[in-house]
Amino acid sequence: LDFEPRVAIGVVLVGSAPGGATSNLLTHWAQGNVALSIAMSAMSTVCALFMLPLNIALYIDTGLSKDADLSLPFVNIFVTVLTIVVPVGLGVLLRRRDIKCGRFPLHVWVEKAGNVVGALFLVAAVAVGVIDNPELFNPSKYRGEWALAALFEPLGCFFGFVMATAAR
């Protein structure tokens, strides 16, 4: 797709980044195994502390751009780990205590509030992204980037499925 070096570096970083809270929310909405999704997000975030620097060293420093002058945001990664581990821990405690709030357990109310807050956050994030970056929505200017965006997730899911099936 012949990307300029900065775009290629961004592709490597996005591909190396761990899953986040949005995947957990979407898993919940799809009535999937939320506990598994959260556990996988937490583990991939912890692994990112080690794997992201390795991927940068392997793919970016040695191949894409020796002049990229990149520095890893270790504080941001640590904060991300905390934003997953702390709420997960609180959720486990909340479910374990089984505190009642009216007729329902408190965790049911927290779950409902989390659905609303999650939906509002997604809408706000998309709105801010569109408003702040209108030039990115010109497919003729960013043809390769749009093609990659259309293929990135389906290919990742396909290869993940193939690897999981092969590992059975």
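The model is predicted, so local features need pLDDT of at least 70 and side-chain atom pairs count only at pLDDT 80 or more, while totals for chains, interfaces and linings use all residues. Residues are numbered from 1 along each chain as its sequence is written, and side-chain values use heavy atoms, leaving out hydrogens and water.

**Exercise 1.** Work out how helix H1 and helix H6 run relative to each other, and which residues touch.

Step 1. Find H1 at residues 5-16 and H6 at residues 143-167. Their axes come within 12 Å and cross at roughly 10°.

Step 2. Angles under 35 degrees count as roughly parallel, so H1 is roughly parallel to H6.

Step 3. Now look for contacts (heavy atoms within 4.5 Å). H1 brings in Val7, Val11, Val14 and Gly15, and H6 brings in Glu145, Leu148 and Phe152.

Step 4. Sort them by class: five nonpolar, one polar and one charged. Here Val, Leu and Phe count as nonpolar, Glu as charged and Gly as polar.

**Exercise 2.** Classify the ring pair Phe104 and Trp109, then the pair Phe158 and Phe159.

Step 1. Rings pair if their centres lie within 6.5 Å, and planes over 60 degrees apart count as edge-to-face. The whole structure has three aromatic pairs.

Step 2. Phe104 and Trp109 sit 5.8 Å centre to centre with 75° between the planes, which is edge-to-face.

Step 3. Phe158 and Phe159 have centres 5.4 Å apart and planes at 65°, so this pair is edge-to-face.

Step 4. Check accessibility, where partly exposed runs between buried (under 20% relative accessible area) and exposed (over 50%), using a 1.4 Å probe and protein chains only. Phe104 at 36% is partly exposed, Trp109 at 40% is partly exposed, and Phe158 at 47% is partly exposed.

Note on methods: Rings of Phe, Tyr and Trp (its six-membered ring) pair if their centres lie within 6.5 Å; planes under 30 degrees apart count as stacked, over 60 as edge-to-face and the rest as tilted. Axes are lines fitted to C-alpha atoms, for helices over the stretch in contact, and angles run from 0 to 180 degrees between N-to-C directions. Helices (H or I, at least four residues) and strands (E, at least two) are DSSP runs, numbered from the N terminus. Angles under 35 degrees count as roughly parallel, over 145 as roughly antiparallel, 65 to 115 as roughly perpendicular and the rest as oblique.
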